[in-house]
Amino acid sequence: MISFKVNGRRYEVDVPVDTPLLWVLRENIGLTGTKYGCGMALCGSCTVHVNGHAVRSCVTPVSAVADKEIVTIEGLSPDNSHPVQQAWIEEDVPQCGYCQSGQIMSAAALLSANPTPTDDDIDQAMSANLCRCGTYQRIRKAIHRAADIMAAGGKK
Amino acid sequence: MKEIVNMSRRDFLKAGTVACGGLILGLYLPHPLPSSAWAAETPYFPGAFLKIESDETITMIVSKSEMGQGVYTSIPMLVAEELECDWRKIRIEPAPVAQIYANPMTGAMVTGGSTSVRSEWERMSKVGAAARMMLIAAAVQQWKVKPATCHAENGKVHSGGKTLTYGQLAESAAKMPVPDQVPLKDPSTYKIVGKPHQRLDTPQKVNGKAVYGCDVTRPGMLIALVARSPVFGGKVGNFDASQAKAVQGVRDVVQIESGVAVVADNFWAAKKGRDALDVDWDEGQWGSLSTDAMLAQYRELAKTPGIPARKDGDPQKALAAASKQVSAEYELPYLAHADMEPLNCVVDPSPDRCEIWVGTQGQTGSRNDAAKVLGIDPEKVQVHTTFLGGGFGRRGNPHSDFVVMGAQVAKAVQKPVKVIWTREDDMKGGWYRPFWFNKLNAGLDANGKVIAWYHTIVGQSIMAGTPMEKMRTKDGIDPASVEGAKELPYEIPNILVDLHSPQNGVPVQWWRSVGHSHTCFAVESFVDELAHAVRKDPYQFRRAMLANHPRHRGVLDLAAQKSGWGKPLPAGHGRGIAMMESYGSFVAQVAEVSMDEPGRLRVHRVVCAVDCGRYVNPSIIEAQMESGIVFGLSAVLRGAITLKKGRVEQSNFHDYRVLRMDRMPVVEVHIVQSKENPGGIGEPGTPPIAPAVTNAIFAVTGERIRRLPIEPTYS
């Protein structure tokens with residue numbers, strides 16, 4: 001049994017210890033917002049927060065998150081009110097949308113560490129997240145907008 | 001249920017009542033291509049296109065798949081413009097498979113060829129307008145007033161001081177005669193269409209709620225991974241499943257037509273089981289295939305005359321008489337689509353029925369191909385379309401390969417099953433943009449005017465071996481091989497475009513912009529070479545050959561002007577220009593690049609001018625141009641699928657590298673205001689970017705790139 005918290009709720013799972021966190025979230029817990037894209041930490045679609053840090057869940061064995069606190073896209077806010085979600089809606093970022101959970105989780109982690117990122121900071125933090133629809137320009141704008149929303153007290 | 005035939009002599013409306021009271025409305029259009037896909041199908045109507053219920057719910061049943069192009073937003077905008085309601089409250093329901101939902105441009109349910117808006121503008125406008133007329137007619141009857149006193153606005157009908165909502169009117173509206181004439185608005189009076197609006201699907205795409213094929217679960221569902229031959233066309237020889245079956249959670253190992261399926265309780269068990277599987281493959285005839293050898297073969301073929309696709313004047317004679325000849329060869333690699341969501345399919349079989357959940361670009365084909373595998377009537381197969389985690393052509397496979405694989409596994413295990421492709425399965429699984437070789441030869445007269453153009457194309461036909469081959473391929477020419485080259489807009493008196501279509505076992509398929517993705521690179525690089533050969537400005541040189549092509553000229557001028565063409569740039573920077581018409585739209589792009597140190601390329605800015613005629617949502621037009629440019633940039637900078645000993649050498653995003661945020665240029669999109677018919681928008685942004693970038697590299701370095709991708713020449 002491995003025990004950890006996801007979005008504030010405690011879970012205990014009985015799975016092989018090498019099972020990637022991604023599949024435990026998707027298949028055992030039923031949180032399918034976190035996506036499989038590459039299985040090698042190359043695309044960022046599976047990004048979640050573990051104790052506040054952006055982590056690629058596709059290469060994180062579930063044993064590594066024992067007793068830790070995980071936040072997935074579903075847990076970012078109950079009502080799309082997280083500044084990054086607000087900014088994503090206002091800038092109309094997603095196209096197919098598949099990579100966006102990972103993009104948003106990476107952006108949220110960036111902004112909590114650096115509330116006023118420059119374009120270079122954004123490049124550095126976001127270049128591990130791929131998007132085949134090419135939403136990068138809007139993601140960049142949306143991160144700046146989210147920073148503004150946070151500065152104006154928009155964070156709940 | 002009422003019908004009016006001959007509404008405009010070619011289509012007819014049909015109305016009915018929903019079970020709980022309300023109006024449903026459909027519009028049948030005849031299909032341009034007779035299709036056996038619909039043989040023996042019972043005419044389907046429940047739901048049709050539009051449902052207005054007494055609780056004010058308005059639902060659009062959308063026949064196109066949402067794969068990022070914004071169709072779940074464009075369709076409600078078009079309908080609401082005529083219906084006069086709050087378009088943001090319209091609910092979307094993916095359509096089931098039925099002939100009424102066929103794409104009027106293809107005859108089957110297909111989301112592809114940049115047709116989402118082009119094929120639906122008129123149909124959806126008429127549905128919205130007819131519903132409004134019937135709602136007003138119901139109000140007229142109830143109030144006993146003259147129709148002219150009534151008007152519809154924001155989901156209500158008004159007359160004098162009286163008001164009824166669409167929900168209140170829906171049930172009686174369903175009993176009104178279906179109008180036989182449905183006049184549409186003058187586009188100059190549009191209130192919604194043509195204005196920038198946020199997409200309707202964004203809220204569920206920022207909180208993980210949007211459901212893609214991979215997210216679907218069914219009670220008792222198993223997960224399967226399939227081991228397939230490392231060589232295309234190979235078959236299973238022998239296999240030893242004992243190690244695979246020993247993995248905890250593996251339920252079964254079954255041989256299917258596509259390979260060997262490991263079926264398990266979850267993904268990780270299926271993956272470990274497949275890793276432990278020992279299969280001997282009978283590789284078949286393609287075990288020595290290599291792209292290096294293919295290039296040599298293609299180059300030889302290009303020296304011989306192909307099948308002519310276009311011939312104007314006498315190009316051979318004109319070439320011989322030219323005062324200057326220029327020739328060049330361009331090669332482009334196989335490309336994977338690499339959709340962010342690897343392929344997958346959920347199939348839930350029961351004895352004589354089957355339900356499928358899949359992100360597909362081709363519902364009719366998916367249904368019919370699955371039915372064939374399962375040995376049941378197509379009408380017994382129900383396809384539920386989910387969101388697509390990228391399409392780009394891959395999810396419109398002509399043989400529905402990923403749906404067929406799902407059906408094969410479900411048939412073997414007789415349980416609900418989700419077949420998941422790993423990224424490696426997806427990358428190595430074939431159905432690539434073909435490998436292309438282009439040879440061009442031009443003759444110029446003493447004044448530097450192009451008098452002869454000879455373009456030879458070598459590459460696999462996408463249509464060959466597909467159900468569409470007979471319909472689409474004419475006189476040995478697959479139009480998708482030569483598109484963009486055959487329609488060369490430059491006014492040159494002597495033109496020959498010919499084609500060789502070798503076959504070699506690598507499965508090929510349409511990849512965003514299809515033939516234009518290679519012809520634009522060849523044509524627009526070569527025109528640039530010709531301009532430089534006679535020391536002319538590449539923009540003016542093109543422009544001079546487009547006197548009778550105002551829309552081409554329009555975008556070329558707009559892109560040049562907005563990019564500051566001809567104005568000084570910092571040292572080490574250069575501009576390149578390119579353009580193409582595709583899918584009824586015209587796009588020109590100017591790329592600005594630099595070499596900040598030897599061999600280190602940066603694309604700084606792309607200025608894109610697009611003329612797509614009338615448009616629905618300019619915010620989506622901009623997004624699709626950005627998207628097409630990024631997709632094309634990934635290919636021009638780094639994209640290549642190569643084969644050695646019959647095996648694909650790439651496997652994941654470390655060796656099939658795509659554009660990341662740190663290399664994203666600034667993209668500026670300028671839309672031409674136009675009253676022309678709507679053009680496509682999903683694909684036309686892709687073709688010009690490759691030659692725009694390589695032409696810009698030439699402007700900086702004097703070096704001509706004739707082989708894609710640019711890496712490893714420049715990093």
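A strand, as the word is used here, is a DSSP run of E with at least two residues, numbered from the N terminus. Keep that in mind for the first stop. The model on your screen is predicted.

**Stop 1: a buried asparagine**

Select B:Asn438. This residue sits in strand β21 of chain B, which covers residues 436-444. Is B:Asn438 buried or exposed? B:Asn438 is buried, because its relative accessible area is 0% and the cut-off for buried is under 20%. Now show side chains. The side chain of B:Asn438 makes a polar contact with the side chain of B:His455, at 2.7 Å. Next, display the surroundings of B:Asn438. Leaving aside neighbours within four places in sequence, its contacts include B:Ala328, B:Glu329, B:Tyr330, B:Leu332, B:Thr456 and B:His518.

**Stop 2: where the chains meet**

Color chain A and chain B separately. How many residues does each chain bring to the contact? Chain B brings 58 residues and chain A brings 50 residues. The area buried between the two chains is about 4500 Å². Carbon and sulfur atoms give 56% of that area. Select B:Val206, B:Met340 and B:Met661. These three supply 19% of the area that chain B buries against chain A, more than any other three residues.

Now look for polar atoms. Between chain B and chain A, 34 residue pairs are in polar contact. On chain B, the side that touches chain A has 28 nonpolar, 18 polar and 12 charged residues. The rule also finds 4 salt bridges across this interface. Select A:Arg138 and B:Glu626 to see a salt bridge, with the closest N and O atoms 3.9 Å apart.

Which elements of chain B supply at least two residues each to the side that touches chain A? They are α4, α6 (267-276), α11 (423-428), α17 (618-637) and β29 (666-671). Of that side, α17(B) gives the most, with 9 residues.

**Stop 3: two helices across the interface**

Two packed helices are described by the angle between their axes and the distance between the axes. Select α5(A) and α17(B). They pack at an angle of about 120 degrees, and their axes are 9 Å apart. From α5(A), the contact uses A:Tyr136, A:Gln137 and A:Arg138. From α17(B) come B:Ser619, B:Glu622, B:Ala623, B:Glu626 and B:Val630. The residues of this contact divide into 3 nonpolar, 2 polar and 3 charged.

**Stop 4: a helix of chain A**

Move to α2 of chain A, residues 83-90. Which residues of this helix are buried? They are A:Pro83, A:Val84, A:Gln85, A:Ala87 and A:Trp88. These buried residues pack against α3 (100-113) and α5 (136-151) of chain A, together with α4 (202-205) of chain B. Step just past α2(A) to A:Asp92, which takes a positive phi of about 55 degrees.

**Stop 5: backbone details**

Select A:Ala41, in the loop between α1 (21-28) and β3 (47-50) of chain A. A:Ala41 has a positive phi of about 55 degrees, although it is not a glycine. At 33% relative accessibility, A:Ala41 counts as partly exposed.

Jump to B:Lys645, in the loop between β27 (643-644) and β28 (647-648) of chain B. B:Lys645 is not a glycine either, yet its phi is positive, at about 50 degrees. B:Lys645 is exposed, with a relative accessible area of 62%.

Finish at B:Pro709, in the segment after α18 (689-701) of chain B. Is the peptide bond from B:Leu708 to B:Pro709 cis or trans? That bond is cis, with omega near 0 degrees.

Methods. Residues are numbered from 1 along each chain as its sequence is written. Chains are lettered from A and ligands numbered from 1 in the order in which they are written. This is a predicted model: local features need pLDDT of at least 70, side-chain atom pairs count only at pLDDT 80 or more; totals for chains, interfaces and linings use all residues. Side-chain values use heavy atoms; hydrogens and water are left out. Helices (H or I, at least four residues) and strands (E, at least two) are DSSP runs, numbered from the N terminus. Buried means under 20% relative accessible area, exposed over 50%, partly exposed in between (1.4 Å probe, protein chains only). Contact means heavy atoms within 4.5 Å. Buried area is the accessible area (1.4 Å probe) that two parts lose on being put together, summed over both. A salt bridge is a side-chain nitrogen of Lys or Arg within 4 Å of a carboxyl oxygen of Asp or Glu. A polar contact is a pair of N or O atoms within 3.5 Å; within protein, one must be able to donate a hydrogen and the other to accept it, and residues adjacent in sequence count only if both atoms are side-chain atoms. Ala, Val, Leu, Ile, Met, Phe, Trp, Tyr, Cys and Pro count as nonpolar, Asp, Glu, Lys and Arg as charged, and the others, Gly among them, as polar. Axes are lines fitted to C-alpha atoms, for helices over the stretch in contact, and angles run from 0 to 180 degrees between N-to-C directions.
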